[in-house]
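Hi everyone, thanks for coming. Let's have a look at this one together, and I'll walk you through a few spots.

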Amino acid sequence: MAPRVSCFLLAVLFSASCRVITSLDWMCSEKEANKTYNCENLDLREIPDTLPDTTEFLEFSFNFLPTIQNTTFSRLTNLIFLDLTRCQINWVHEDSFQSHPQLDTIVLTGNPLIFMAETSLNGPKSLKHLFLIQTGISSLDFIPTHNLENLESLYLGSNHISSIKFPESFPTQNLKVLDFQNNAIHYLSREDINVLKQATNLSLNFNGNDIKGIEPGAFHSKVFQSLNFGGTLNLSVILNGLRNSTTQSLWLGTYQELDDQGLTSAMFEGLCEMSVESINLQQHHFSGLSSTTFRCFTGVQELDLTATHLDRLPSGIEGLSSLKKLVLNVNHFDQLCQINAASFPSLTDLYIKGNVRKLDLGAGCLEKLENLQKLDLSHSDIEASDCCNLQLKNLRHLQYLNLSHNEPLGLQSQAFKECPRLELLDLAFTHLRVNAPQSPFQNLHFLQVLNLSHCLLDISNQHLLAGLPNLRHLNLQSNSFQERSIPETNLLQTVGSLEILILSSCDLHSIDQQAFHSLGKMSHVDLSHNSLPGNSIDALSHLKGIYLNLATNRISVIPPHLLPVLSQQSIINLSHNPLDCTCSNIHFITWYKENLHKFEGSEETTCANPPSLRGVKLSDVELSCGITAVGMFFLVVFLFLLTILLIFSVKHLLRWKYQHI
Amino acid sequence: MKGFTALFLVWTLLSPDSGGGEAWPTHTACRDGSLEVLYQSCDPLQDFGFSVDQCSKQLKSNLNIRFGIILREDIKELFLDVALFTKGSSILNYSYPICEEDLPKFTFCGRRKGEQIYYAGPINNPGFEVPVGEYQVLLELYNENHSTVACANATVICS
């Protein structure tokens with residue numbers, strides 16, 4: 001019986017100790033040694049002893065701390081950032097953060113706070129950000145005002161706040177962000193706004209509050225960085241209430257699920273008497289859009305009309321002649337000319353992204369936009385058999401053009417002659433039809449970035465990239481080369497200034513040794529997701545200090561004479577290759593282990609051969625491939641025996657022969 | 001020693017945390033004459049609530065739904081991935097942006113980690129007729145860092 005009992009005891013002990021180990025296992029994860037720890041979702045009831053005293057950034061959300069007091073975090077005196085989201089905190093007692101002079105951010109989002117003591121936030125020398133989102137606050141005097149002099153942002157969203165009137169003692173002089181999203185604020189009085197007069201460059205967020213009234217003059221001569229009245233149903237209330245104010249950015253958009261009564265010209269009258277730089281009206285409907293609707297927008301520089309159900313803009317719009325940036329994304333235009341671009345002669349940035357209908361670029365629709373620098377026409381179902389000189393006529397100053405994610409475009413030589421100052425051209429995921437030997441990008445002397453990924457291009461056309469003297473960044477991902485190989489003479493020879501080259505997923509099986517010879521300035525080469533063998537590294541022998549990505553290829557053995565080529569690069573990724581871990585690759589493996597610091601993705605850099613080492617990290621492989629002393633001894637013995645045997649047989653043969661004479 | 005081994009085995013089998021946690025219960029999102037939609041949360045951290053106001057073979061456009069969840073991530077950007085299977089073979093894969101920095105479609109866009117969300121309203125879907133059969137649908141909501149916001153394994157039975 002005794003041994004059984006002891007066995008049982010042993011088992012209990014063992015299981016207990018194992019449990020301690022497992023609970024340690026799902027302790028906080030270390031993001032940065034001795035500094036940053038994540039203890040989310042661990043159901044912890046206190047700060048674990050395993051956390052070092054030096055912890056500065058602590059993610060402690062989704063744990064269980066009904067009461068916070070001065071002993072709760074007292075050990076972690078170096079805390080800078082403390083996230084206590086949804087820890088079921090009811091009480092924040094006196095001097096809870098007394099020993100945390102460096103604390104600058106406290107997140108208390110989603111806690112059912114019953115009471116915060118008067119001195120509960122005392123301690124931090126410069127508390128800058130306080131999150132009290134969805135904590136059940138109904139009145140602003142719930143927040144202890146001691147020690148908020150340095151507060152820069154205060155988040156009070158999703159509470160039951162109906163008045164934004166702060167107590168007189170509330171220090172607002174350093175406030176930059178005041179967020180009242182999704183509360184029950186329906187009225188703003190003069191007094192409410194006056195309390196904030198000490199704050200400069202304030203961003204005020206009333207998104208999701210449905211303001212029904214603003215006391216006349218409440219915003220008189222007030223200055224704001226941004227004001228957000230998103231989801232407010234009656235815009236005239238807002239715009240009349242904001243008379244004589246100055247705001248950098250005013251967000252007045254609405255949302256899909258809200259009923260929209262439609263915007264009329266009369267609603268914008270208040271705008272004539274205020275100064276706003278940027279306005280967002282997303283997802284509204286315009287009822288009776290006319291050339292005078294924007295009459296009061298004369299001072300506006302940026303106008304965002306995303307998803308406003310527009311199928312045309314009236315011609316001769318008044319009030320937008322000094323507009324710099326216009327966003328018309330997700331609308332219903334059939335023809336680019338329907339935006340009547342002549343109304344915006346000062347425009348520098350135009351976005352018509354994600355047009356709901358197939359957009360026809362027409363001819364010269366933007367020719368009046370002489371100052372246009374940035375044009376985004378992506379995701380708009382654009383199709384053109386001969387692009388883009390007629391379509392982009394007279395855009396002499398265009399620097400950025402995005403035509404990505406469209407339908408097939410046919411490009412002839414000098415397809416972008418009308419925009420000679422292009423610096424960035426994005427054509428990703430747009431099928432390009434270019435007949436050899438055309439050079440569509442010819443004479444783009446300023447072009448630095450060209451994205452041709454997923455363009456289904458014929459890359460065997462050696463003239464494709466002719467005339468790009470300053471190209472630095474070229475993305476050719478997911479295009480195919482003839483015969484799955486880059487030959488000695490190829491299209492890259494014309495772009496000698498290239499620094500970043502992406503050739504991933506191009507189904508490459510080989511690269512000629514001289515293929516990149518004219519590219520001397522490269523610093524980043526991505527050849528991942530191809531079928532390249534080890535000897536393709538030879539093509540990089542003239543490059544030094546580059547980032548080289550060879551992940552997911554068919555590299556198994558890297559011959560010793562190519563190791564210096566790898567040695568001279570700064571970062572290399574060889575993960576997901578079928579690497580050989582036998583003695584035939586011993587030089588590379590030894591070198592790899594000496595140069596581990598150069599490698600990216602070393603966790604995924606594993607052996608494929610021999611079968612016994614499949615999946616083992618290359619850095620863990622131990623190989624001995626020289627002949628050992630024992631081996632040498634047996635070899636000598638074997639040779640010795642062989643010699644004796646030979647002598648005997650010769651002797652025997654001779655004797656046998658002579659006997660027969 | 002036999003006893004010890006047996007005990008050890010029993011302990012390893014019974015001890016908590018050795019396997020995955022218990023699965024969340026299967027809920028009914030809607031059930032009408034011809035259509036039944038069941039779902040189960042595949043986020044190991046939490047369950048969520050979901051219902052559709054009407055459920056018929058002839059699916060109406062702009063359905064109203066109700067949805068309640070605790071956010072474990074900020075949703076300044078929120079995307080939905082839908083994968084539809086029937087009899088083990090994939091029919092449809094589809095990705096849809098719900099909240100984007102330059103186009104927050106719904107009022108809940110931009111809400112923060114830790115907030116509890118309740119949404120009751122339209123979802124702007126097209127109307128279509130569901131062919132008779134049984135379908136498996138994998139729905140995933142994730143944010144700009146690809147962190148899971150919600151995950152559901154749903155079964156749609158249309159008779």
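Okay, let's start with A:Thr36, which is buried at a relative accessible area of 16%. Buried means under 20% relative accessible area, exposed means over 50%, and partly exposed is in between, using a 1.4 Å probe and protein chains only.

Quick housekeeping: this is a predicted model, so local features need pLDDT of at least 70, side-chain atom pairs count only at pLDDT 80 or more, and totals for chains, interfaces and linings use all residues. Residues are numbered from 1 along each chain as its sequence is written, chains are lettered from A and ligands numbered from 1 in the order in which they are written, and side-chain values use heavy atoms, leaving out hydrogens and water.

Now, the rings. Over all chains, the structure holds 26 aromatic pairs. One of them is B:Tyr39 with B:Phe48, a stacked pair at 5.1 Å centre to centre with 25° between the planes. To pair, rings of Phe, Tyr or Trp (its six-membered ring) need centres within 6.5 Å; planes under 30 degrees apart are stacked, over 60 edge-to-face, and the rest tilted.

Are these two buried or exposed? B:Tyr39 is buried at 5% relative accessibility, and B:Phe48 is buried too, at 11%.

B:Tyr39 also pairs with B:Phe50: the centres are 6.0 Å apart and the planes sit at 90°, so this pair is edge-to-face. B:Phe50 itself is partly exposed, at 26%.

Last stop, chain A: A:Phe166, A:Phe170, A:Phe180, A:Phe206 and A:Phe229 form one aromatic cluster. That's it from me!
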